[in-house]
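Please consult the display below before reading on.

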Amino acid sequence: MRLSPGGVMRFLRRLLLAVFGVPIALAVVMSLVDAYRSRGKRAKPFPVTPPRTNSVGDGTVTTYTFGNDLYEDMIAAIDGAKKQIFLETYIWKGDEVGNRFKQALAEATERGVEVYCIFDELANLVVPARFKRFPEGMHVLRYPTYAAGWRFFDLSRYGRDHRKILVVDDTVGFVGGYNIGTAYATEWRDTHVRITGPGVWDLRRAFADFWNLNRRRPHPLTHRTGTEGPLLIETAPSWDPDLRFHRNVPRLWMFPIRSMYLEAINRASRNIYLTTAYFVPDEDFVAALKAAAQRGVDVRILLPLKSNHVVVDWISRGYFSQLLDSGVRILRFKDAMIHAKTATVDGFWSTVGTANIDRLSLTGNYEINLEIFDRDVAKQMEEIFSRDESNALELTSDEWAARDIHRKFTELVLTPLRPLL
């Protein structure tokens, strides 16, 4: 039987509805049910590692695993600023912690410090508009909810600004997974680093490049008639061979963080300890992890037992069978959300940053990761991983194979959504 052109179109619409409509509808229902069940629930205490500083090259790297410790040092750096402050964040809550940062930045502006701030509008839609009004002297770039303009089909303009950066003067920089908010101070397990030395210049450059790429975007809340001018900074005085920043820049089709990870995984000979909040990798990434485990590398992936995005959790589970069968160990952090984006390999290579192991982070959003070549830092990262592991449940192959049939069916139905996450 031959179909008419109209019949072909109807068939295609039904096919698309079956392939994408059903999974999307299921994802919406799952999210609503999870939000209802999660009402009023609070995270339980979890083990943390106190901040520790290591000398790396001509500077230092301090690692944080608890929000209160990090926020105290960030505020202290802002309070001590003399010339310039760059702050960039994905989420900036209008709560006690968020207001504390806002007040510290306002006071810095009053004493003559140049203050530049960037935040993502989409991520802060639920934050009251009054909180997002800043003193006239502050330079603020709100990365727009819709950034493509008339270029509807330009996929490079749909990436979110998922970076978290603070740079004060030329002396200190912070980067990692922590957003700004009260819940993150005590209820989420995340990882951030503070750096000094030549690497601070690279972090300043990363902020300035984003500002200059996106500054021509007027916004009604700025109360300014024109757009912000370019942010001009000097070239770094020297290279730091022990630290490298990798930046995903969708507008320029630059996604080096994925390549950084794949190179480290492919070179591993002893161990790979990977922590990520969301795990929706592409097939090449999965293949690299499986190949490493099959050649005898101790590969461990630490994930949340239950994250703040239930659909992502379910989609992640679709990768577990092949990873477990290859010898990869899967550990699931319990009682609290682990939001860290870190890895350490062979006692020498480490990374801390903002990119999750999913398609949005690795091939979609603006992200930044610090790559560190240092044995002392790697040793500390292994110790942090071990402490996190003490609060995690290991998933075994037998346990996974025995899961209920409805769970297997749900994982299968959600598979078409992988490319969207």
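Eight strands form an open sheet of mixed pairing, in the order β1-β2-β9-β7-β6-β3-β4-β5. Strands (E, at least two residues) and helices (H or I, at least four) are DSSP runs numbered from the N terminus, and two strands pair if DSSP finds at least two bridges between them. The model is predicted: local features need pLDDT of at least 70, side-chain atom pairs count only at pLDDT 80 or more, and totals for chains, interfaces and linings use all residues. Residues are numbered from 1 along each chain as its sequence is written, and side-chain values use heavy atoms, without hydrogens and water.

- The edge strands, β1 (52-56) and β5 (139-143), each pair on one side only.
- Strands β3 (residues 84-89) and β6 (residues 165-168) run antiparallel and are joined by four bridges.
- In β6, V168 is the bridge partner of I85.

**Helix α2 against helix α3**
- The axes (lines fitted to C-alpha atoms over the stretch in contact, with angles from 0 to 180 degrees between N-to-C directions) of α2 (residues 67-79) and α3 (residues 96-110) come within 9 Å and cross at roughly 15 degrees.
- The helices α2 and α3 are therefore roughly parallel to each other, a term for angles under 35 degrees.
- Contact means heavy atoms within 4.5 Å; Y71, E72, M74, I75, I78 and D79 in α2 meet V97, R100, F101, A104, L105 and A108 in α3.

**Record annotation**
- An unreviewed UniProt entry places "domain: PLD phosphodiesterase" at residues 157-184 and 334-361; such annotations may be inferred rather than shown by experiment.

Methods:
Parallel < 35°, antiparallel > 145°, perpendicular 65-115°, else oblique.
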